[in-house]
Amino acid sequence: MEYEVVLDMLSGLPNPTWRLDIAEVDRLQQWLSRLPRNLAPLSTEPPPLGYRGVSIRPVGGSTGVSQIQVFDETVVIDSDVFSDSGRQLEEWLVRTGKPHVTEPLWNAAIKMIRGKVT
Amino acid sequence: MSLSVTLNIYSGRPNPVWTLEDDQAEELMKLLSEGGEPTNLKSSAGLVPLGYRGFHVTSTAASPFGALSLHAHDGIIDPGPTELNLISGKRTVESFLLETAGAAIDKDVKKHINDSLKAKKPMELKDFVAAAAAAVACPLCKAADAPIYNPGIWNTPSVQPFNNCYNYANDQRTNTFAQPGRAHGKPITKLSCSGTQPSAVADGLVPTASFSGTLKPGQGWYVALVIWPNVDYHWYRQDKVGCWSHKPGSTAARNKDNSGNAISDPRTCNRGPYSSFCTFMKTKRGLVIR
């Protein structure tokens with residue numbers, strides 16, 4: 001199973017996308033299997049302009065999952081909500097994109113994850 | 001007695017609703033009769049888009065309490081438009097209503113509200129009025145051809161993902177995620193004002209110092225170019241109503257900035273990381289973008 005990652009942060013240019021390699025897919029599946037459910041209401045909505053999170057889409061085949069969205073300690077897998085404490089999964093996903101995006105863009109994404117997005 | 005309580009907290013999900021037992025309804029009435037001084041202060045519920053926004057208590061005319069519709073938030077009891085608000089610094093009404101929720105809410109929601117009850121302060125009336133006024137004050141639109149703000153035609157599955165800010169500013173749904181200059185062989189050379197503006201000029205857009213000049217029918221409308229240095233560009237357009245709107249990438253078209261405020265001037269609105277304001281430009285019907 002392949003996964004495509006979309007870094008949702010641009011407006012004029014298309015959002016950067018890349019595919020996870022085999023090792024990264026294994027790591028992703030480990031991440032997803034460990035996420036605790038999050039029953040609290042979503043407290044943060046991504047801003048219109050700037051970093052808006054990461055989404056992951058399975059490419060080909062069937063996983064039973066259509067879309068995973070990760071933003072500000074919250075992971076939404078279809079309609080189920082999980083917690084990403086410390087934004088660790090989110091930052092890891094962005095790190096997998098380093099070879100695929102420009103340096104200023106990648107630096108901006110990491111900076112926005114580490115600071116509170118407003 | 002059927003006093004109904006709605007907890008205003010969710011955006012996408014239905015808000016929790018429950019009914020008070022008779023003894024709870026009596027206790028609530030007692031708290032309301034005891035608690036609070038008349039005040040001009042307003043709750044911030046209408047200005048808070050997400051999270052806890054208070055309780056709404058209602059009853060019908062057939063209830064022993066008569067028709068009732070009151071809001072409790074920020075320590076303010078708002079009994080409706082014909083009566084003065086009441087303030088209770090201890091927020092006893094909200095705390096009491098929270099305890100009546102029982103199984104209607106889970107423990108995480110309860111914790112979120114308890115945290116909110118400790119933190120929030122009511123707004124001064126002048127601040128509320130200023131915030132509300134700032135949300136609706138639009139400049140006069142001088143462009144006869146300015147588009148009408150109608151996000152519904154953009155925010156559909158067959159349009160929204162395939163059209164960006166440049167499409168929206170030019171009011172053209174090309175479904176190509178249009179790029180300045182691409183239709184005329186002059187792509188963006190650098191993600192800066194000087195590297196992006198000439199591409200838009202190649203498409204036929206014309207730089208202008210402001211959006212105060214009159215544009216007659218056929219002369220188009222005003223747009224604005226801003227830059228996230230070395231990362232991206234973004235466009236706004238002035239709508240017929242006078243305020244500005246935009247479509248951030250493949251997300252929904254909207255008329256609010258990053259602070260949730262109406263956009264009276266893209267030079268001064270919250271643009272997030274798009275820190276460089278480049279220029280206003282004029283665009284019009286019939287330009288070719290791709």
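**The sheet of chain A, strand by strand**

Analyst: Happy to. Let's start with E4(A) and E5(A), which run antiparallel and are joined by 4 bridges. Within that pair, Val70(A) stands opposite Val75(A) of E5(A). The two strands make a hairpin with 2 residues between them, and Asp72(A) in the turn has a positive phi of about 50 degrees. Please keep in mind that this is a predicted model.

Now move on to the next strand. E5(A) also pairs with E6(A), again in the antiparallel sense and over 4 bridges. Val75(A) turns up here too: its bridge partner in E6(A) is Phe82(A). This hairpin has 2 residues between its strands, and Asp78(A) takes a positive phi near 55 degrees.

On to another pair: strand E1 (residues 2-7) and strand E3 (residues 54-59) of chain A are antiparallel and share 6 bridges. There, Val5(A) has Ile56(A) in E3(A) as its bridge partner.

Put together, the strands form an open sheet of 6, in the order E2-E1-E3-E4-E5-E6 (chain A), with antiparallel pairing. Strand E2 (17-19) and strand E6 (80-83) of chain A are at the edges with a single partner strand each, so one side of each has no neighbour in the sheet. On average, neighbouring strands are turned by 20 degrees against each other, direction ignored.

What lies across this sheet? Helix H2 (residues 88-95) of chain A lies across E1, E3, strand E4 (68-71) and strand E5 (74-77) of chain A, and runs at about 105 degrees to E4(A). Val54(A) gives a residue-level view: leaving out residues up to four places away in sequence, its contacts include Val5(A), Leu7(A), Val70(A), Glu90(A), Leu93(A) and Val94(A).

Val54(A) also belongs to the largest nonpolar core, which has 59 residues. Val5(A), Leu7(A), Val54(A), Ala109(A) and Trp235(B) are the members with the most contacts inside this core. As a general rule, nonpolar side chains in soluble globular proteins tend to be buried together. The element that gives the most to this core is strand E9 (residues 221-228) of chain B, with 8 residues. Another core, of 21 residues, lies apart from it and has Ala72(B), Ile77(B), Leu86(B) and Val93(B) among its members.

Finally, the partner chain: the contact takes 18 residues from chain A and 28 residues from chain B. On the chain A side, these are 12 nonpolar, 5 polar and 1 charged. For the complex, the predictor gives an ipTM of 0.92 and a pTM of 0.69.

How values were computed. Residues numbered from 1 in each chain as written. Chains lettered and ligands numbered in written order. Predicted model: local features only at pLDDT ≥ 70, side-chain atom pairs only at ≥ 80, totals over all residues. Pairing = 2+ DSSP bridges. Axes fitted to C-alpha atoms, helices over the stretch in contact; angles between N-to-C directions. Contact = placed C-beta atoms within 7 Å. Nonpolar A, V, L, I, M, F, W, Y, C, P; charged D, E, K, R; others polar. Core = buried A, V, L, I, M, F, W, Y, C linked by C-beta atoms within 7 Å. Buried ≥ 20, exposed ≤ 12 C-beta atoms within 10 Å, placed from the backbone.
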